[in-house]
Amino acid sequence: MIALEQCHYPSTSYITEYIAVLNFLMNTGRDVDKLVQKGILVNQLGDGDSVANLFNSLCKNSICDNLSSDNYILCEDLNAFYNDPWHKWEAILRRWKTAASVAGVFLLILSLLQSVCSVLQVVKQ
């Protein structure tokens, strides 16, 4: 479809722009998984990396000189969101929150185990 549009309809590049925006969004399998989770994309290839490679290879030999203003604004907004330091810190803190929760549960289990061992030692004496 991209080749047909590039050859026969060079003034309208709707499909090429759509693929270019999706290529912009998908660089890794994790990106694909996130888009599938949000209902934006349906993955029938099974592996997220395969889908990312597919979209990255679709845009290799296509020419998309001028993005429409809507797609350009969308890309600019996505870049601004990505470059916002607050969003980066929020992602880092979310990871730390998960790690702290796991560590807290682990320490709780160890404390319980120590309490049981202490009680057993007192009972034996």
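Is Glu 90 buried, partly exposed or exposed, and what is its relative accessibility? Glu 90 counts as partly exposed, because its relative accessibility is 32% and the partly exposed class lies between under 20% for buried and over 50% for exposed. The structure is a predicted model.

- One salt bridge is found when the whole structure is searched.
- The salt bridge pairs Arg 94 with Glu 90, and their closest N and O atoms are 3.4 Å apart.
- Both residues sit in helix α6, which spans residues 85-124.
- Because Arg 94 and Glu 90 are four residues apart in that helix, about one helical turn separates them.

**Nonpolar core**

- The largest nonpolar core consists of eleven residues: Ile 2, Ile 19, Leu 22, Met 26, Val 32, Leu 35, Leu 41, Val 51, Ala 52, Phe 55 and Cys 59.
- Three helices, α2 (14-25), α3 and α4 (48-58), each give two or more residues to this core.
- Helix α4 supplies the largest share, with three residues.
- In soluble globular proteins, nonpolar side chains tend to be buried together.
- Ile 19, one of the core residues, lies in helix α2.
- Ile 19 is classed as buried because its relative accessible area is 10%, where buried means under 20%.
- The C-alpha atoms of Ile 19 and Ser 62 are separated by 9.9 Å, with the two residues 43 apart along the chain.

**Positive surface patch**

- Arg 30, Lys 34, Lys 38 and Arg 95 form a positive surface patch.
- Lys 34 belongs to helix α3, which covers residues 29-37.
- With a relative accessibility of 46%, Lys 34 counts as partly exposed, so it falls between the limits of 20% for buried and 50% for exposed.

**Nonpolar surface patch**

- Leu 93 is partly exposed because its relative accessibility is 49%, and exposed would require over 50%.

**Separations involving helix α6**

- Glu 90, the salt-bridge partner of Arg 94, lies in helix α6.
- Between Glu 90 and Leu 107, which are 17 residues apart along the chain, the C-alpha separation is 25 Å.
- Ile 109 is also found in helix α6.
- Ile 109 is exposed because its relative accessible area is 54%, and the exposed class begins over 50%.
- Ile 109 and Thr 28 are 81 residues apart along the chain, and their C-alpha atoms are separated by 37 Å.

Methods:
Residues numbered from 1 in each chain as written. Predicted model: local features only at pLDDT ≥ 70, side-chain atom pairs only at ≥ 80, totals over all residues. Heavy atoms only, no water. Patch = residues over 30% accessible without salt bridge, like charges linked within 9 Å, V, L, I, M, F, W, Y side chains within 5 Å. Areas by Shrake-Rupley, 256 points an atom, 1.4 Å probe, with all protein chains shown as cover. Salt bridge = Lys/Arg side-chain N within 4 Å of Asp/Glu carboxyl O. Lys, Arg positive; Asp, Glu negative; His and termini not counted. Charge placed at Lys NZ, Arg CZ, Asp CG, Glu CD. Buried < 20%, exposed > 50% of the residue type's maximum accessible area, 1.4 Å probe, protein only. Core = buried A, V, L, I, M, F, W, Y, C linked by side-chain atoms within 4.5 Å.
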